[in-house]
Amino acid sequence: MRGYWHFPAIAGVIAILYQLLDIKWLLLLFAAWLLWLKLLKKLNINVWIITLFSFIIFSYIIPVIPQAAFEESSVEAEIIGKIEGEVKLSSKQIQFTLNPPYSSTNLLVTYFPDKNEDFRDIPLKHSLFHGSQCTIRQSIEIPPSSTNPAQFDFRQFLLQKQITHQAVLKDFNHIVCTPESGVLPLLYKLRTDLLNKMEYRWSDYSAPWINAIVFGDASGIEESVTELFQRFGLSHIIAISGTHVTLVITFVYLILVKGNIITKEKTHLFLLIFLPVYSILAGANPPVLRAASMMVVVLILQKYRWKLPYSDLFSIIFMIFMLWDPYIIYNVGFQFSFSVTFAILLSQAWVRKTKSPVWNIFQVSFVAQMAILPLQIYYFNIFHPLSILMNLVVIPYFTFFVIPLMYTFVLIHFFPGNLLAIVDRSFAFIHEKVLIFIEALDTTLFPPIYLNQLSIWSVVFYFTCFLLFMKYLEHKQQKRAWIAGILFILPILMTAGKPYFQEEGIVTMFDMGQGDAMLVEAAKREAVIMIDAGAAFHFEDMEPTRGVYKNIIRAYFHQRGIKELDAIIVTHDDVDHFGSVRFILEEVKVNELIVSPYFDVELLKEFQEIQPVLNITQVKAGDILNFNDSMSFQVLAPDIDSGNSNDNSIVLYANLGLKWLFTGDISKEIEEKIIRNYPGINIDILKVAHHGSKTSTGPAFIEAVQPNTALISAGRNNRFNHPNAEVLEVLEDNQVHVYRTDEHGAIQFFYTDEGGTFSTFFP
C-alpha cells in the first residue's frame, strides 16, 4: 500500500460528500473512478479492494444530521454525567459538556457570570474540570434553532457535536461536581491554571493574545479584531494550527539540541511525550491534533528508519480521525486544516521549483487560500480580493515575531513584574500599529465581497479548474494556466453578481423577536430599502444590544451581498424599531435616513456622527418616496404631531407586486384617520401595526382596506401577549390570511410586476 493510501482517503471523502449532500451522481462518479483505476490505471487489486471498502465503511459511519424543526420545550430533570473536554471560560459565559452514562448524546451546560464574579475562579471552586462527575438539577431545554435566512443555527451546530439539550445555570447550588483523578483531568486543570496565570501576570492587552496563540483560547480577543481577521481569511492566525505546532517543535529543538542541553535522540523522545501533552494544553482542537499526530508519527518513523510518503501519512491520519470520531467531519477547524494541508501536499512540486523564500510564502498562501475559498464562502459568505497579499504580510509577522514572542511570554511569566511590564508595553506598541495598518487597508482599499453559498456544480467546476490551473503552472504552461485561472474564479464572480440579474424583488420581514425589521430589495438590485431596524435592549437603560443586527440583519446582508442601502426608513423612535440602525450605520453605507418631523433630534445627531455624509430626510403625509424608479412609497401619515411616538409612525403605501400598507405602531385612531383621508384605499398585504396589539387593527379599518394577507412581527412568548386574541379574531372574521414571525419565523415575499408569492422560514 505504500504510496497508494490516498486512494482509500479519496474514496472516504467521496463517501462523506455522498452521505452529507445526498447527491446520487456521486455514486456513479465513484463507480466510474473505480473502473478507470482498475481497467486503465491497472491499480493493484489489494489497493483497489481497500479503496472500495473505504467507501463502504465511511458511507456507513458518517452521521447525517437532519434539519431540525423549530420547537421549544423544557423539563425539570436530574442528570448525572461526566464533563467531557475542556470547560470554556470567558467573562461572558462558562460552558461545558456533560456526558450522561450509557448515552450517545450530551448536555450543554452554560453559566453567565455576574460582573463582580471572578470567572476564572469558578471552576476551581466548583470542581468544573474534564472528567468530573456532576449531578445537575435544572430545567433542561432543547437549544434554539435559527428562524431567519442566513442566521447561525445553534441547535444544528450542537447536534453536530452530539449535543441534544442544554441547561442554563442560574445558581451553582443546582450542580454538584466531584473531580476525577487521572492524567487528562490533571492536564485540563493545568490548562485552566495557566490561562489564569497569563491573565494575572500580563496586561489586559497581551494576555488574550497569549491565551489565543499558545493555549487556543481566543475568547478574550475583541470581537472587532476577530471579525477583521475573518474578513481577510486570517482566522487561522489567531487559532492554533499546524504552523503553531511546527514553531513549537522548532523552538524546543533549538533550545534542547542547539543549546547542548540534551542529545538529538533524547529530544525526539521528549517531543514524543511533549506533543500529546501540549495538544491538550492547547485545547485539543482538530488542527492541533492533526499536526501533533503527524509529527509524532514522523518522529517514530525516523527513530526506526521507516519511510512513508507524506501523502500516505496524511491520508492515514485523516482516516484514523474519521474512524475515531465520525462527528469530527462537521468541525470547521478539521475541514480547513485537512483541506489546506492536502492542497499544500499537492502543490509541493510547484513550490519546490522556486528558490525565493518570499515567493514560496506567496505560493503557499495562494494555494491555502484557494483551497479553502468555497469553505470560507460557505461558512462566512465572504471573500476578500486582498486576502492572499495580506497573508503574505501578516503570516511572516506572526510566524517570526508574534507567535514566538507569545510562547516566550509563557516561559518568562514568573519574571519580576517591572521587567514583564517593559516587554509587555513594547509588544502592545508594535502590535497595535500592525492592527491599525490592517484596519486601514480594510477600510481604504478593496472591500470584501459578500456572496451566497456556491452551488455544488459551481464547487465542482471551481476545483476542477483550480487543479488544472495548478497542473499547468507546475508544467510551466502559462497560457493554459491563465485560462484555467480565469475559469475557476468565474463561479465566485457569477455568484456575487447573481442578485444584479435576479428578476424578482424580495420583501423580508425578519423574525427579530418583539420588534420590527423589514428589508425591500428591488429586482436586479436597483434599490435596497430597510423599513425599521429594531433590536433587543437592556431593560435597565433601554440601550439596544448588537445581537439582532449581528446574527440576523448583518448575516442576511452578507449572504445577499448587500454592502449599501439606498435608505433606511425608521417609522418612529422606539428602540424596537430603530435599535439596530446605529450598528448598520457603523458597517454599511446608507445613502438616506428617512424619518418623520417628530423623530427624536438627539438620536438623529447620533446617527449623523456615525456617518457624517448621511442625508437625513423628514417626510409627512402626502410625500412620495421614489428610489431609482424601481420602487416608490406614498406617505399616508403622520400629518400632525400626535404627541405620541407610536401615533407619529410613518405609514407607507406601496405597490410591490401587490399593494402593501406598512403601519409602524399606529393606534386605531390613526387608522381611522387614514381611511377618512384616503377613502378609496384598498390593499392586498397589511403589515399589522404594533405587533398585533389590541390598540390597533380595528374592525372598521380592516373592513375598509380589505387586505388578503396580514403580517405580524411578534416575539415568542412575549410578555405583552402579542398578537392579541381580539386582533386575530378581527382578521379571521374578515378572512385575512395571517403570517406571524413567532410561528412562521422570517416571512419573505418574492414579487414581480404581475404579483408575488409568500415563503416562510418554517412551513
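User: Before we start, what counts as buried, exposed or partly exposed here?
Analyst: Buried means under 20% relative accessible area, exposed means over 50%, and partly exposed is in between. Keep in mind that this is a predicted model.

User: Ok, so why does Glu-732 count as exposed?
Analyst: Because its relative accessibility is 60%, and the cut-off for exposed is over 50%.

User: Where does Glu-732 sit?
Analyst: Look at helix α26, which covers residues 725–733. Glu-732 also belongs to a negative surface patch, along with Glu-726, Glu-729 and Asp-733.

User: Switching topic: which residues make up the nonpolar patch on the surface?
Analyst: Val-13, Leu-17, Leu-20, Leu-21, Val-64, Ile-456, Trp-457 and Val-460. Together they have about 640 Å² of accessible area.

User: Which helix gives the largest share of that nonpolar patch?
Analyst: That's α1, with four residues. Helix α1 runs 6–21, and α18 (456–474) also supplies at least two.

User: Now α8. Which residues are buried there?
Analyst: In α8 (residues 223–231), the buried ones are Val-225, Glu-227, Leu-228 and Phe-229.

User: What covers them?
Analyst: Several other helices, including α7 (206–215), α16 (387–411), α17 (417–444), α20 (547–560) and α22 (581–587).

User: And what follows α8?
Analyst: Gly-233 does, and its phi is positive, near 70 degrees.

Definitions and conventions:
Residues numbered from 1 in each chain as written. Predicted model: local features only at pLDDT ≥ 70, side-chain atom pairs only at ≥ 80, totals over all residues. Heavy atoms only, no water. Patch = residues over 30% accessible without salt bridge, like charges linked within 9 Å, V, L, I, M, F, W, Y side chains within 5 Å. Areas by Shrake-Rupley, 256 points an atom, 1.4 Å probe, with all protein chains shown as cover. Salt bridge = Lys/Arg side-chain N within 4 Å of Asp/Glu carboxyl O. Lys, Arg positive; Asp, Glu negative; His and termini not counted. Charge placed at Lys NZ, Arg CZ, Asp CG, Glu CD. Buried < 20%, exposed > 50% of the residue type's maximum accessible area, 1.4 Å probe, protein only. Contact = heavy atoms within 4.5 Å.
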